[in-house]
Amino acid sequence: MKPALLVATKGWDVESWARRIRPLLPDRPILCTDRAGIYHGADADLAEIHYILAWKPLQETLDRLPSLRVIFSLGAGVDHIFALTRLPDVPIVRIVDPDLTARMTEYVVWQVLHHQRLGPAYSAHQRERVWRDIDPPAAHQVSVGIMGLGVMGGSAARILVRLGFKVRSWTRSPKRMAGVESFHGAERFDAFLAGTDILVALLPLTPDTRGLIDLPLLRKLRRDGPLGGPILINAGRGGSHVEADIVAALRDGTLAGASLDVFQTEPLPADSPLWDLGNVVITPHVAAVSDPVALAGQIAGQIEAFERGEKLKNRVDPRRGY
Ligand code: NDP
Ligand code: OXD
């Protein structure tokens, strides 16, 4: 038998991953946690595990894996792994895949167009049976500022540029992309914000990005743009924003609207004021869902390549935290 693997996910359908992986790696045991992330089998079986496929793994599960060689995150983000207090000294690999990237690109483009085409106003008119034309601005009059021009942000930027939007980006390190005005680092952050009508956050959650999107930041966005005020779209991580500040900004007009896919607490609590604000689009962390049908092959291929002595792709840098 070849080394075993453990599928350990909290809140996801563990079996749908195991079902896809088993035929791809038929000659090895594939163990699973339950939906709460708890493994109910014997410690002896866990000692055979070389690989964990994880989404929000429990500390107690990782602590029981003495032979672990690689941690595979089942998402693009790895904050759910770095949130643990004890991590074994093994490579952490994340998902980078055209399927996941395409889903995120769809979400960002959908929400940017929704706000640029005055979707919230027209939805309100429809509910009131009002026939009134208000002209949306042209794409080229709207500036979309993307925080995080990585795999996800880069793909969304390319499509937005093709649609004619003015696109700018803000990153940690310098970037060059055709049609995109690039800013990086703390010194250029205010200049980036000052020219942004629609702020798109596609940042990983790290100590540097936690709580970054707060009221002072939102007040720095362009106020005299064509949408009656700036818009926030966050599909990165809820930990990067301060929800109370977003609510305050939506109420006092600092923000004209928002689309939020990620939240400080998920599921978004039923008593969150965000649910009742008309100018907010809420989706339950589904901007880019990890589909086992699309992704299992990549993970199985990585395991086989690793065992042939090849380098793992999409390794995370633990010092950067993403
Ligand atoms: P990448 O690692 O490819 O890109 C991250 C980008 O963020 C990089 O451009 C990086 O800058 C930038 N960045 C990181 N830290 C900072 C900082 N302190 N200041 C400025 N820029 C910073 O990640 P992906 O594009 O693949 O994914 C981004 C995030 O999207 C994931 O971490 C995850 O949290 C989220 N996500 C959400 C999903 C959802 O369904 N809502 C689905 C998938 C992902 P630089 O290029 O200089 O390194
Ligand atoms: C991810 C996510 O990180 O779904 O992939 O949030």
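Q: Does Arg319 count as buried or exposed?
A: This is a predicted model, in which local features need pLDDT of at least 70, side-chain atom pairs count only at pLDDT 80 or more, and totals for chains, interfaces and linings use all residues. Residues are numbered from 1 along each chain as its sequence is written, chains are lettered from A and ligands numbered from 1 in the order in which they are written, and side-chain values use heavy atoms, with hydrogens and water left out. Buried means under 20% relative accessible area, exposed over 50%, and partly exposed in between, with a 1.4 Å probe and protein chains only. Since Arg319 has a relative accessibility of 77%, Arg319 counts as exposed.

Q: Which residue forms a salt bridge with Arg319?
A: A salt bridge is a side-chain nitrogen of Lys or Arg within 4 Å of a carboxyl oxygen of Asp or Glu. The closest N and O atoms are 3.4 Å apart, and the partner of Arg319 is Asp317.

Q: Does Asp197, which meets Arg222 in a salt bridge, count as buried or exposed?
A: The two side chains, Arg222 and Asp197, meet at 2.8 Å from N to O. Arg222 is partly exposed, at 21%, while Asp197, at 2% relative accessibility, counts as buried.
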